[in-house]
Amino acid sequence: LETVPADHVFQIEKESLGETGDNGLLVGEKWKRDEFIRFMLLTSSNDAIHEIALETGKLIDPETLDPVKTFVTRMNERAKEMNLRSFVFHNESGLDLETEPIQNGAYSNARDMVKLFAHAVQNYKDMFSITSNKTATISSFDAEHVGENTNPLVQEIPGLLASKTGFTNAS
C-alpha cells in the first residue's frame, strides 16, 4: 500500500499460481490494487501475495532480477523503520521453508506482532476490516470470487475490527 499506486492493476502471472493453496485466481486475471489486497488478506492467499511481491518488487527496483527478493528485503527494511526489532521475513507469504530443520517463513515476537497489527488497523482500517468477515464476494475485472476467512473464530468475536488470517504447521 505504501509502494503501489492506488490505480495500479495487478495481472496474475502463471508463476504466481504455483504457491501453496488455491483461491481460484486465474492466469491473466486483472485486479484493482485495493480489491486484490482485500482478497489476499481475507483468504490468506499465497498466490495473491506472490503476485503482489512480483509486481511490487519491480516497482521498487525496475532493474531487479529477483523482484520477490527485492520485496522481501523491503519488508525487512520497513520492519526496522517501524522499530519492530524481532521481525524477520524470509519470504513474502510467511509460509514455512521446507529446510532441515523447517525454517519459519517469517518470525516475530508477540509484542512486535501487536504493534504491526495496530499500525495496519489504524492506518488501513478500510483494507483490513474485510478480515472481520467470514466470507466476502470480491470482484476482479474478469471474475467474481467468494473469499473465505481462514480464521475459524471470526464470527464468534463481538466488535472485531480485523483478524489475523492464515497459519503454518510450524507455528
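Before going on, some ground rules. This is a predicted model, where local features need pLDDT of at least 70 and side-chain atom pairs count only at pLDDT 80 or more, while totals for chains, interfaces and linings use all residues. Residues are numbered from 1 along each chain as its sequence is written, and side-chain values use heavy atoms, with hydrogens and water left out.

Now the whole chain. The protein chain has five helices and six strands, in the order β-β-α-α-α-β-β-α-α-β-β from the N terminus. Helices here are DSSP runs of H or I with at least four residues, strands are runs of E with at least two, and both are numbered from the N terminus. The radius of gyration is 16 Å, close to the 16 Å that the globule rule gives for 171 residues, so the chain is as compact as a globular protein of that length. That radius is taken over C-alpha atoms, and the rule is 2.2 Å times the number of residues to the power 0.38. Of the 171 residues, 40% count as buried.

Back to methionine 40, which lies in helix 1, residues 33-43. Leaving aside residues up to four places away in sequence, methionine 40 touches Ser45, Ala48, Ile49 and Ile52, where contact means heavy atoms within 4.5 Å. Its C-alpha atom is 10.0 Å from that of histidine 50, 10 residues apart along the chain.

In the loop between helix 1 and helix 2 sits serine 44. Serine 44 is not a glycine, yet has a positive phi of about 55°. At 24% relative accessibility, serine 44 counts as partly exposed.

Next, helix 2, residues 46-60, and helix 3, residues 67-81, which pack at an angle of about 85° with their axes 7 Å apart. That makes helix 2 roughly perpendicular to helix 3, a label for angles of 65 to 115 degrees; under 35 is roughly parallel, over 145 roughly antiparallel, and the rest oblique. Axes are lines fitted to C-alpha atoms over the stretch in contact, with angles from 0 to 180 degrees between N-to-C directions. Residues that meet include Ile49 and His50 in helix 2 and Phe71 and Arg74 in helix 3.

Last, asparagine 83, in the loop between helix 3 and strand 3 (88-89), has a positive phi of about 60° although it is not a glycine.

Technical notes: Buried means under 20% relative accessible area, exposed over 50%, partly exposed in between (1.4 Å probe, protein chains only).
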